[in-house]
Amino acid sequence: MLKPIKNRSWLFILPALILVGGSTIIPLITIVNFSVHDVFYGNDFIWVGPKWFIQVLNSKEFYDTLFRTFAFSIIVLTIEVPLGIFIALSLPRQGKFVPFYIISIAIPLMIPWVVVGLMWLLIIHPQWGSLGSLLSLIGFQIDLNNLVISWSVIVFVDVWHWTSLIVLLCYSGLLAIPNVYYKSAQIDGASRWKIFRYVELPKIKRVLMIAILLRFIDSFMVFAEPFIITKGGPGQSTVFLSHSLMRTAAQQFDLGQSSATSLIYFSIIVLFAWILYKVMEYQS
């Protein structure tokens with residue numbers, strides 16, 4: 001006779017384990033298998049060992065796209081984090097218009113990446129775009145063949161799309177601060193800067209680190225908006241690591257090299273996510 005199972009808690013996480021296994025672990029194993037083989041049409045596999053990893057790590061294109069990706073992440077984080085904190089601090093903590101403010105701020109997050117890229121590409125068009133036509137009246141045209149302008153546009157679009165995430169996370173952290181802290185600071189005569197520095201910032205530090213972690217991971221995987229708006233131009237100046245990976249896999253159908261690149265890409269993201277997590281753990 002079978003003994004009854006005393007601990008049934010594993011049954012509750014079984015669906016999640018199946019989902020993770022089907023959507024993450026199995027594809028990862030497949031990519032690992034591709035990365036050590038030369039793949040041909042007809043499912044012909046030839047073992048090549050670390051050949052593709054060596055080729056990718058010796059490729060100038062890989063380091064160029066990696067540098068651009070890091071530069072993009074650093075630029076957008078440098079803008080979005082202070083801006084998000086500032087907006088969160090400026091929002092009222094209570095009142096009948098608070099839901100309206102929150103919903104308005106969250107709207108950009110609800111728009112898919114592809115739609116954001118297409119929307120802003122139309123807006124800045126010099127002929128039928130609202131912003132592009134307005135700027136044309138004063139003699140300025142958004143020329144996406146200009147390096148500075150193309151980078152400025154894709155950075156602006158990312159800031160418009162994702163600053164709301166920083167705002168909402170920081171705002172939730174600010175709401176959790178008891179009012180007694182503010183009253184004590186006012187009694188002590190603390191300035192607005194000191195209230196932020198010694199009261200608000202320590203209390204929102206953990207949610208802020210989570211926001212930075214999420215934004216770094218997402219910005220490092222940027223693809224849709226730059227691909228739609230600049231198509232990698234001018235030249236190769238806005239080709240990021242995700243674009244290069246897509247070209248290798250989808251256009252050249254070089255599954256071995258693209259799998260090796262994606263594993264290196266994945267390792268970099270995991271490494272920096274781990275570093276940020278450790279910093280967050282240390283700060284707590």
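Me: Which side chain meets Lys60 in a salt bridge?
Reply: This is a predicted model, in which local features need pLDDT of at least 70, side-chain atom pairs count only at pLDDT 80 or more, and totals for chains, interfaces and linings use all residues. Residues are numbered from 1 along each chain as its sequence is written, and side-chain values use heavy atoms, without hydrogens and water. A salt bridge requires a side-chain nitrogen of Lys or Arg within 4 Å of a carboxyl oxygen of Asp or Glu. At 2.7 Å, N to O, the partner of Lys60 is Asp64.

Me: Is Lys60 buried or exposed?
Reply: Buried means under 20% relative accessible area, exposed over 50%, and partly exposed in between (1.4 Å probe, protein chains only). Because its relative accessibility is 61%, Lys60 counts as exposed.

Me: What relative accessibility does Arg215 have?
Reply: Arg215 also meets Asp218 in a salt bridge of 3.0 Å, N to O, and the two lie three residues apart in helix H9. A network of salt bridges links Arg215 with Glu80, Asp158 and Asp218. Arg215 counts as buried because its relative accessibility is 0%.

Terms used:
Helices (H or I, at least four residues) and strands (E, at least two) are DSSP runs, numbered from the N terminus.
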